[in-house]
Amino acid sequence: MAERQPIPNINIGRVYDQRYADAEVHYEALGKLADFFGRNMPVHRHDRFFQVHYVKSGAVRVYLDEQQYRQEGPLFFLTPPTIPHAFVTEQDADGHVLTVRQQLVWPLLEAEQGLADGPQIAPVCVAFAELGEEYREEVQRLDLLFDQLRSEFAADRPGREASLSALTRLIFISLLRLSARSLKAQPARHEDLQVFHRFNGLIEAHYREHWPLGQYASQMGVTEARLNDICRRIADLPSKRLIHDRVMQEAKRLLLFTGSSANEICYLLGFKDPAYFSRFFARNAGMSPGEYRLRKAGDKEEAWR
């Protein structure tokens, strides 16, 4: 049986966008982060950073520590530093992701602010459909603040850092006000979550080797049927789909962020036949690797206009 690996710590500024490796605030659209990390985000943590996902549309399955939530957007989930979390978003889900160095948020968590009882706050998940009319103005303010933050982050105007810090604090004030209405977690068996997280860890280690499903199941000491049942109940996806999604995530990442040709990417991902890789990609993405690269390049140019 494979040795269990520690929960990975992801620093967004160093892994995703090195221009902001030492920044206090990092913003990105949920869809763009999903292109890079995938829609099925295995368990991980962010030491020294708070992170909030504001899912404006689409469904999401969220696992905050060992609490499970399944909800349609609009919603947000707030993850304090070091808290293990994982999530699966639908293909069309979009919204905002804000990652903030903990020192920027701590002053808001002092008891005299009335927003929290101290810096060790619990993770929360809030669905806007569950909020009463008295929260409508706060939700509208949160929408406006996120739009302003996105604009400020993309621009290079004087006072940018001060503006980002001020907007982030205002966003967290709204989030903490709304956190009083956090959803109740849905029950999930501890051992099933452990199997699911271990499966994702093995996929991460071996997806380039194209292990058959039976090899994954054998490595974890479970049957294929049980593994598939757990994946369907926790992620609403069959186990083979999770493997294929990880391969597709890496293929898309290499197409978007490197100059490697489709044939080079084919071999990097462990495929032996470029034609088979192209068919695999088209079956899962609805277009060829070349078409995907051209379309996403066009989207990027349009975004910068």
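How many residues of domain 1 are in contact with domain 2, and how many of domain 2 with domain 1? 16 residues of domain 1 touch 19 residues of domain 2, where contact means heavy atoms within 4.5 Å.

Some ground rules. This is a predicted model, with local features needing pLDDT of at least 70 and side-chain atom pairs pLDDT 80 or more, while totals for chains, interfaces and linings use all residues. Residues are numbered from 1 along each chain as its sequence is written, and side-chain values use heavy atoms, leaving out hydrogens and water.

Now the layout. Domain 1 is 12–187 and domain 2 is 190–303; the bounds come from an automatic or database domain assignment. Their centres, over C-alpha atoms, lie 26 Å apart.

Next, area. The two domains bury about 1,500 Å² between them, 53% of it on carbon and sulfur atoms. Buried area here is the accessible area (1.4 Å probe) lost on putting the two parts together, summed over both. On the domain 1 side, Asp35, Phe36 and Asn40 lose the most, together 35% of what that side buries.

Last, the elements on the domain 1 side. α2 (30–37), β2 (40–44), β4 (59–64), β5 (67–72) and β7 (85–89) each supply at least two residues. α2 gives the most, with four. Helices (H or I, at least four residues) and strands (E, at least two) are DSSP runs, numbered from the N terminus.
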